[in-house]
Amino acid sequence: MISRHTMSRRKALRTGAGLAAIAAVGAPSILHAQTRTLKITTWGGKWGEVMKATVLPAFEKEFKCTVSADQAFPFVPKLQSSPRNDPIYDVLHTNSNEQWNSFTEGLVMEKITIKEVPNVADVYPYAVSDKIVGVTIFTSAIGLGYRTDKGLATPTSWKDLADPKLAGVRGGYIIPVNSLGQAHLMMLGKVYGKGLTDLDAAYKALEALKPIKLVDFTGQMEKMLLSGEVSEGVIHDSGVYRYDGQNQPVDFASPSEGVLALEQVLNVTPGSKVKDLAFGYIDYMLRPDVQKLLAEAVWYSPANKKVKLDAKYDAKLLTTPAKVATLIQPDWKWYNARKEDIDARVTKILKG
Amino acid sequence: MSTALKAMTNKRPFDAGRAAYLALNLSLLAFLLVPIAVVLIFALNPTPYISFPPVGVSLRWFEKFFASSDFMNALWLSLWVAGCVLVLSVTIGGACALALARGNLPGRAFLTAFFMSPLMLPAILTGLALFQSYLLAGIGRPTWGLILAHTLVAVPYVLRTTLAVLHNFDHRIEEAAAVLGASPIRVFFEITLPLIRPGVFAGGVFAFIVSFDQFPVSLFLVVPKGETLPVVLFNYMKFDLDGAIAAASMVSILLALSVVLVLERLIGLKAYVKL
């Protein structure tokens, strides 16, 4: 009987090897179980390159987690379709108009405070104003991009876009699908009427901009300016400054009535299972060194007041309280509530 | 009769109908091929924006495309998914077609409509519905989920082409084989399959191309670092509208064309075209 339980040397080695193999196979899954995953949305292009190459690996190392960064649009419909108690994203990165839509549907939090994200203490007031849900980490200035080789005077007012000389070579957006177009419509109300919400004045001014070349994305507007198809158009400063040093005959002008804010907003989903990581990520994105790295890579104005950019960027971006004061923030809650009616009206105006 | 007079006598009279027929065919060809030519021009134009006429010839956008790990990963994933979809849809679609054509199934018309229904729904809704179903089932968005989704929209193509072949199928050949002692399995592999093969594989080619170019269904089902080429191209276009998009399109077109040519060489799609 004893001999039946005695293990031969070969059998012992085989059993040991088997156990070691099971341990080796099982170990990564155990480690994986200990590593938390933060699910975020983020932009593509140059921003995405810097995020993937530098920012996210450093965050993962410091916070001992993995980040699943979704660059594939559409973010908000995906979030809407996922369970509220187990959302597909922990942190939603979009422009401000989409954050308002998401907040209205209860998909994201209303405010991000110093208590959750300490670096919020250092942001400019616009980053957490009553026009923002979540917190702004960067902004661009929406103004006028123009060709410098067409004999055009540097634009000084939004009204310059209506110059008859620009008929057919001025550029705008398909307003129902582009937030720059929507912001510009509100600005037309301010410039030609009683304020950003004066839609009648805005519609009348929009009619006067015809004929106008319309695009869906800002990337298309950039290329139309570069190719000369458009001589002057509505665009954000980063869409023009990114060609700095490439010998392209384009420049950006800030109209005297003010520039519109195109905010990059981060927000946390209420059902996130890793809220501490989500807040940690937002705090990380507001750190001066991270802000400087991204601001100089993509020409975004940092929301953190303490960021010191190199002279080239500092001269052009909104980095002082005086320059930040030229920013006008649209009321997206107001706009989104009327979007269907506005879409129908502007489509009728711009048809053909 | 002089030579000139002879030539005049032999000259075919102007046929307006034939001229109109040729003009229509040339117009259709131009309609199909001009966009591809324009894409090729953009892909070879070195300027960082789309311009016409082109200012030169350069391979810089092809170099950018092949040097980008994002594009390459997406390309390989698209090829892998399309390959799996081809195998699955040929198996499922071929089997369904046989059952529908030969099985004397009750409600055959309803079943045919049911299997064809993915083509009747907007693909974006199919993608959204599957996305929600996967999340509710707690399986997330695995690659096999994407493959199944593509298979869902690809099967009707195989079904349709196989049913077309089976419509002209002579059952007496199978009966003769059975009478001569062949087992049902042998009859299937040696008689039925070779005869329906052109239809099945023509459907497979469609399935491959439908999957490789699939955008609306993939939109909701891809995951970070697991995006297919059409989705990567769409997102790239929002930020960088340069010739790399055109280069990627040319590569896609050439790959799809290669698959068709390889299958034609291997199994002879011309046989299906004759049907």
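This is a predicted model: local features need pLDDT of at least 70, side-chain atom pairs count only at pLDDT 80 or more; totals for chains, interfaces and linings use all residues.
How many Å separate the centres of domain 1 of chain B and domain 2 of chain B, taken over C-alpha atoms? The answer is 30 Å.

**Confidence**

For the complex, the predictor gives an ipTM of 0.77 and a pTM of 0.83. Chain B has an average pLDDT of 88, and 93% of the residues score at least 70.

| Domain of chain B | Residues |
|---|---|
| Domain 1 | 12–58 |
| Domain 2 | 69–274 |

The two do touch: eight residues of domain 1 of chain B are in contact with seven residues of domain 2 of chain B. On the domain 1 side of that contact, seven residues are nonpolar, one is polar and none is charged.

**Where the chains meet**

Now for the contact with the other chain. Chain B puts in 20 residues, and chain A puts in 19 residues. On the chain B side, the elements giving two or more residues are helix H6 (123–137) and helix H11 (229–239) of chain B. H11(B) supplies the largest share, with six residues. Sorted by type, the chain B side comes to 14 nonpolar, three polar and three charged residues.

**A helix in chain A**

Over in chain A, take a look at helix H5 (residues 96–104). This helix is mostly covered, with seven of its nine residues buried. Among the buried ones are Trp100(A), Phe103(A) and Glu98(A). What do the buried residues of H5(A) pack against? Their partners in chain A are helix H4 (75–81), strand S3 (91–95), helix H6 (179–192), strand S9 (259–268) and helix H14 (332–337). Just after H5(A) comes Gly106(A), which takes a positive phi of about 75°.

**A loop residue: Val230(A)**

One more stop in chain A. Val230(A) sits in the loop between helix H8 (218–227) and strand S7 (232–236) of chain A. Is Val230(A) buried or exposed? Val230(A) counts as buried because it has 28 C-beta neighbours inside 10 Å, and the cut-off for buried is 20 or more. Setting aside neighbours within four places in sequence, Val230(A) is in contact with several residues, including Val169(A), Arg170(A), Gly171(A) and Met221(A). As for Ile212(A), it is 18 residues from Val230(A) in sequence, and the two lie 9.1 Å apart in space, C-alpha to C-alpha.

Key: Residues are numbered from 1 along each chain as its sequence is written. Chains are lettered from A and ligands numbered from 1 in the order in which they are written. Helices (H or I, at least four residues) and strands (E, at least two) are DSSP runs, numbered from the N terminus. Ala, Val, Leu, Ile, Met, Phe, Trp, Tyr, Cys and Pro count as nonpolar, Asp, Glu, Lys and Arg as charged, and the others, Gly among them, as polar. Domain bounds come from an automatic or database domain assignment. pLDDT is the predictor's confidence in each residue, from 0 to 100. A residue is buried if 20 or more other C-beta atoms lie within 10 Å of its own, exposed if 12 or fewer, and partly exposed in between; C-beta atoms are placed from the backbone.
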